[in-house]
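Here is a short note for a colleague who is opening this entry for the first time. Please read the points with the structure in view.

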Amino acid sequence: MLRIENLTKRFGSNSAVDNVSFTVDKPMMIGVIGASGAGKSTMLRMLNRLNDATEGSIFFNDHDVTRLQGKAKREWQSECAMIFQQFNLVPRMDVVSNVLHGTLNKRGTLATLFNLYPTEDIHKAIEILDRLGIAEHAPKRAEALSGGQQQRVAIARALMQDPQIILADEPIASLDPMNAQIVMEALRRIHEEDGRMVIANLHTLDTARRYCDRVIGMRQGRVVFDGTPEQLTTGVARDIYGAGAGFSEAATSTEIEALNTPEAVPA
Amino acid sequence: MADLTQHPGRVNDIQASYMAQVGRKRLYSGITMLVFVLLMISGFNLASSRNGGSFWGGIDNFFDYPSEVVAEAASKAAEMPAHFATYFPALLETVNIAAVATLIGALMAIVLSLLSTRGLARFPRLIGLFRRVMDITRAVPEIVVALILIFVLGGGPVPAMIAIAIHTAGALGKLFSEVNENASLKPLEGLESVGANWTQRMLLGVVPQVAPNWLSYALLRFEINIRASAILGFVGAGGLGYELKVAIQWGQGRFDEAGAMFIMLFLTIVFFDQISSHYRDKLVHGAKGKE
C-alpha cells in the first residue's frame with residue numbers, strides 16, 4: 001500500500017532523514033518514535049509533501065507521489081491528512097468552518113472564499129464533531145477551545161478530507177494526560193472503525209506500545225527499529241534514544257495508569 | 001472518550017442552529033456586497049457628473065500625454081546622461097529635505113505615540129488631547145502648510161522640510177502608537193518594580209520591543225516623503241520638483257528632461273526601498289537570533 005524507498009532529506013550538509021525505507025501492506029496504526037531531531041517530523045512532512053525529498057521515493061498504491069506538482073500534488077495532500085502538534089487551526093474562525101477546510105481541495109476557490117459550503121457538508125462536519133464528542137462547540141471560535149478540544153477539531157478536519165492516510169505529528173505533545181488519552185483513543189478508533197492508515201510521531205514509548213500495531217524507531221535520521229510493540233523492550237528503547245542505563249521510561253510517562261506502577265514513584 | 005454518548009436529536013438541533021447561523025451570515029455578507037456595489041456605481045456616477053469633461057470621452061486621450069513624453073524623451077535619448085548630471089544636485093536637495101523631515105517627524109512621532117498609547121501614557125487623561133494633535137497634523141495637507149510657510153519664510157527647502165515633518169509626526173505617531181499597543185507590559189512592570197521613572201521605562205522597556213516595527217514604518221514614510229518633497233518643489237520649495245514643474249509644461253520641447261527626472265526619482269525610490277528592506281531584514285532576524 002505504502003512503500004518508502006531510500007527517502008533522504010538533507011539541509012545543507014546534515015541529513016535530517018537518511019536513507020529511510022519501509023513498506024506498509026495494509027492499513028494499520030504505526031507509531032514513529034525517536035529523540036527530538038531524529039527526523040520523525042521531516043519524514044511525515046515529506047509524506048504530506050509539505051517538504052520535498054532530496055532523494056528517494058514514496059509510493060502509494062504503486063503510484064509515485066514524491067515528485068507530484070500543482071493540482072496532482074494538492075490532490076495527494078487531500079488524500080493524506082496531517083495533524084499537527086500545535087493543531088494549526090485558523091483561530092478566529094468557528095469550529096465548523098475549520099472542519100470544512102478539509103474539503104477545500106474539492107471545492108472552488110470563489111465558493112470557499114464566500115463560505116458557500118453545501119448543506120450536506122456542513123451536516124457531515126457536525127456529525128464528525130459529534131463522533132469526537134465536541135459537537136456542542138460547533139459555533140464557537142477555534143481559539144476559544146482548550147488544547148484537547150482544538151486537537152479534536154484538527155482530527156475532525158482530517159476526517160472531513162476522507163483521507164487514505166492520517167499523519168499525526170506529535171499529536172499529544174502539547175496536551176495534558178487526560179486529553180492526550182482522549183486524542184489517542186480517537187485516532188485508534190478512526191483506524192479500527194474506518195480502516196484508515198494512521199502514522200503518528202510519538203514522544204512517549206508507552207503511548208506507542210499501547211495504541212500502535214507497529215513501531216518504527218528512528219535515530220539521527222535512520223530507522224533503527226521496526227517491529228511490533230512487544231519487541232520494543234527497554235533495551236531497544238535505550239538504543240533508539242541513545243540513553244544510558246539510567247533511562248527509565250516511567251520517570252517521564254504521561255499515562256495516567258503509569259502512576260500505579262511502583263517505578264514511577266521517586267525513591 | 002469522556003462524552004461519547006450519541007444523541008441523534010441533539011446533533012440535529014446543533015445542525016439546525018448552525019445552519020440558521022450560516023444563513024444569517026450569508027445574508028449579511030450578501031447585503032454588504034450589494035452595498036459595496038451600489039456605492040461603487042453611485043460614486044462613479046457622481047464623480048462622472050461633477051467632472052468638467054466626460055470620463056468616457058476623455059479616456060481615449062489618456063495615454064496621449066505620456067506617449068508624447070516617452071516619444072520625445074526617446075528621440076533625445078543621447079542627451080539623457082547629461083540631464084542626469086545636471087539635475088543630480090536638485091535630486092540631492094529633494095532627498096535631503098525628505099531625510100531631515102523624516103528624522104524630525106519620527107522623533108516627534110515617538111514622543112506623541114508614547115503619550116497617546118493606553119497603558120503607556122505619562123498623563124492618561126491627556127491621551128485624547130495628544131490624539132487630536134496628531135489628527136490635526138494629518139488632516140492639514142502638507143502643501144497648505146508649505147504655502148503658508150513659504151509666504152512667511154520665503155521660498156526654499158526649510159519650509160518644505162517643516163511642512164513634511166509636521167505631517168510625518170502625525171502619520172507616524174498613529175502607526176507607532178498602534179505598534180506600542182502590542183508591546184508586552186511585563187518588562188515595564190519589571191522596570192517599575194526597580195523604581196525606574198517614566199522616561200527610563202519607555203526607553204529601556206518599550207523601545208527595544210518596538211524598534212524593528214518603528215524602523216520599518218519610518219523607512220516607508222521616508223519613501224513617501226521623497227515623493228512629497230518633489231511635489232512641494234512645484235510650489236517653490238526648491239529641489240527636483242521645481243525643475244520638474246518647469247520642464248513638464250506642454251509645448252516647451254523639454255520632455256526629455258522631464259523623462260530624465262522621472263527616471264531619477266524612480267531609481268531613488270528603488271534604491272531606498274532596497275536599502276530599507278535589507279536593514280529591516282537584518283534587524284528582524286537579529287532579534288530572532290537573540291531569542
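**Notes on the two chains**

1. Val179(B) touches Val210(B), Asn213(B) and Trp214(B), leaving out residues up to four places away in sequence. Two residues are in contact if their C-beta atoms, placed from the backbone, lie within 7 Å. Val179(B) sits in helix 7 (residues 157-181) of chain B. Helices (H or I, at least four residues) and strands (E, at least two) are DSSP runs, numbered from the N terminus. Val179(B) counts as partly exposed because it has 19 C-beta neighbours inside 10 Å. The scale is this: buried means 20 or more other C-beta atoms within 10 Å of the residue's own, exposed means 12 or fewer, and partly exposed lies in between, with C-beta atoms placed from the backbone. Ala99(B) is 80 residues from Val179(B) in sequence and 22 Å from it in space, C-alpha to C-alpha.

2. A word on the source. This is a predicted model, in which local features need pLDDT of at least 70, side-chain atom pairs count only at pLDDT 80 or more, and totals for chains, interfaces and linings use all residues. Residues are numbered from 1 along each chain as its sequence is written, while chains are lettered from A and ligands numbered from 1 in the order in which they are written.

3. Back to helix 7 of chain B. Is this helix enclosed by the rest of the structure or exposed? It is largely enclosed, because 18 of its 25 residues are buried. Its length also agrees with expectation: the 25 residues should span 36 Å at 1.5 Å a residue, and the end C-alpha atoms are 35 Å apart. The expected span is 1.5 Å times one less than the number of residues.

4. Ala163(B) is also in helix 7 of chain B. With 28 other C-beta atoms within 10 Å, Ala163(B) is buried. Its contacts, neighbours within four places aside, are Glu142(B), Val145(B), Ala146(B), Leu149(B) and Leu232(B). Leu265(B) is 102 residues away along the chain, and the two C-alpha atoms are separated by 20 Å.

5. Leu147(B) lies in helix 6 (residues 142-153) of chain B. It has 17 C-beta neighbours inside 10 Å, so it counts as partly exposed. Leu147(B) and Val235(B) are 88 residues apart in sequence, yet 7.0 Å apart in space, C-alpha to C-alpha.

6. Helix 4 (residues 80-115) of chain B has 36 residues. From first C-alpha to last, helix 4 reaches 50 Å, close to the 52 Å expected at 1.5 Å a residue. Where is the kink in this helix? A kink of about 45° lies at Tyr87(B), shortly before the proline Pro89(B). The bend at a residue is the angle between axes fitted to the seven residues ending there and the seven starting there.

7. Chain B is assigned domain 1 (1-38) and domain 2 (86-290). These bounds come from an automatic or database domain assignment. The centres of the two domains, taken over C-alpha atoms, are 47 Å apart.

8. Between the chains, 14 residues of chain B are in contact with 17 residues of chain A. The chain B side has eight nonpolar, four polar and two charged residues. Here Ala, Val, Leu, Ile, Met, Phe, Trp, Tyr, Cys and Pro count as nonpolar, Asp, Glu, Lys and Arg as charged, and the others, Gly among them, as polar.

9. The largest nonpolar core has 77 residues, and Val99(A), Leu129(A) and Leu167(A) have the most contacts inside it. Helix 6 (residues 147-160) of chain A gives the most to this core, with seven residues. A second, separate core of 52 residues includes Leu112(B), Val145(B), Ala169(B) and Ala218(B). A nonpolar core is a set of buried Ala, Val, Leu, Ile, Met, Phe, Trp, Tyr and Cys residues joined through C-beta atoms within 7 Å.

10. Asn6(A) has a positive phi of about 50° although it is not a glycine. Asn6(A) is in strand 1 (residues 2-11) of chain A, and counts as exposed with 12 C-beta neighbours inside 10 Å. Glu170(A), also not a glycine, has a positive phi of about 50°. Glu170(A) counts as buried, with 20 C-beta neighbours inside 10 Å.
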